[in-house]
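Please look over the chain shown below before reading on.

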Amino acid sequence: MSSRKPPFDTDIATHTAEAMALPQMVCRRRGCRRRRRCRRYFTATGEPCCLSNLDPAQRAIFDRIYLAAHLAKHFLGSDSDMFETKRGPQRLLDDLAIAIARNVQNRWFRAGWDTARRAREKRMAAADRLACED
Ligand SMILES: [Zn+2]
């Protein structure tokens with residue numbers, strides 16, 4: 001059995017980097033900082049070049065958000081209980097991941113994905129209202 005990782009999704013990685021303001025904060029290329037988007041990536045890996053400027057702790061945070069966005073792209077609306085956490089850090093990560101995945105091209109079953117996203121927003125808003133009443 002192969003231990004190779006699945007191919008890196010450059011589109012998700014680029015949008016994750018944008019959500020974290022990496023082009024403005026860590027990219028050494030002026031063009032990236034001005035456009036607020038890193039368009040350069042390593043052809044061998046598909047990783048945005050900005051990522052090479054992160055220290056290990058920053059990279060770990062990027063990887064966690066990237067993975068969550070990757071899961072959101074592929075699994076939101078798949079009848080699982082993923083993305084149903086109502087509070088706390090996991091809720092924030094889910095919200096961010098879905099916001100990133102929403103901007104990605106070629107989402108899985110786009111119309112169904114958007115329907116699932118809107119339904120989740122209503123459930124989360126209802127949960128937030130209940131939390132305020134407590
Ligand atoms: Zn860059």
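With which residue does Arg117 form a salt bridge? The partner is Asp114, and the closest N and O atoms of the two are 3.9 Å apart, where a salt bridge is a side-chain nitrogen of Lys or Arg within 4 Å of a carboxyl oxygen of Asp or Glu. This is a predicted model, in which local features need pLDDT of at least 70 and side-chain atom pairs count only at pLDDT 80 or more, whereas totals for chains, interfaces and linings use all residues. Residues are numbered from 1 along each chain as its sequence is written, and side-chain values use heavy atoms, with hydrogens and water left out.

**Overall make-up**

- The secondary structure comes to 6 helices and 0 strands, where helices (H or I, at least four residues) and strands (E, at least two) are DSSP runs numbered from the N terminus.
- Along its principal axes, the C-alpha trace of the chain spans about 45 × 40 × 30 Å.
- Of the 134 residues of the chain, 35% count as buried; buried means under 20% relative accessible area, exposed over 50%, and partly exposed in between, with a 1.4 Å probe and protein chains only.
- When contacts (heavy atoms within 4.5 Å) between residues at least 6 apart in sequence are considered, 63% of them join residues at least 24 apart.

**Salt bridges**

- A search of the whole structure finds 11 salt bridges, and in general terms side chains of opposite charge can pair when their charged atoms come close.
- Arg117 and Asp114 are 3 residues apart in helix α6 and are therefore separated by about one helical turn, and both of these residues are buried.
- Arg37 forms a salt bridge with Glu18, with the closest N and O atoms 2.4 Å apart.
- Because Arg37 lies in the loop between α3 (30-35) and α4 while Glu18 lies in helix α1, this pair ties together parts that are 19 residues apart in sequence.
- Both partners count as partly exposed, Arg37 at 24% relative accessibility and Glu18 at 25%.
- Arg59 forms a salt bridge with Glu47, the closest N and O atoms being 3.1 Å apart.
- That pair links distant parts of the chain, with Arg59 in helix α4 and Glu47 in the loop between α3 and α4, 12 residues apart.

**Arg120 and its surroundings**

- A network of salt bridges links Arg91, Asp95, Arg120 and Asp128.
- Arg120 has its place in helix α6 and is buried, with a relative accessible area of 4%.
- The side chain of Arg120 makes a polar contact with the side chain of Asp95 at 2.8 Å; a polar contact is a pair of N or O atoms within 3.5 Å, of which, within protein, one must be able to donate a hydrogen and the other to accept it, and residues adjacent in sequence count only if both atoms are side-chain atoms.
- Leaving aside residues up to four places away in sequence, Arg120 touches Leu76, Phe83, Glu84, Arg91, Asp94, Asp95 and Ile98.
- Glu121, also found in helix α6, is partly exposed, with a relative accessible area of 42%.
- Glu121 and Asp95 are 26 residues apart in sequence and 9.2 Å apart in space, C-alpha to C-alpha.

**Helix α4**

- Helix α4 (residues 56-75) has 20 residues and reaches 28 Å from its first C-alpha to its last, close to the expected 28 Å, which is 1.5 Å times one less than its number of residues.
- The buried residues of α4 are Phe62, Ile65, Tyr66, Ala68, Ala69, Ala72 and Lys73.
- Seen down the axis of α4, these buried residues fall within an arc of 165°, so they line one face of the helix; the arc is that of the directions from the helix axis to the C-beta atoms.
- The buried residues of α4 pack against α1 (10-19), α2 (22-25), α5 (88-102) and α6 (110-133).
- On the face of α4 turned away from its buried side are the exposed residues Pro56, Ala57 and Arg64.
- At the start of α4, a side-chain oxygen of Asp55 reaches to within 3.1 Å of the backbone nitrogen of Ala57, and α4 is followed by Gly77, whose phi is positive, near 85°.

**Cysteines**

- The count of disulfides comes to 0, a disulfide being a pair of cysteine sulfur atoms within 2.5 Å.
- Cys32 is buried, with a relative accessible area of 1%, whereas Cys132 is exposed, with a relative accessible area of 68%.
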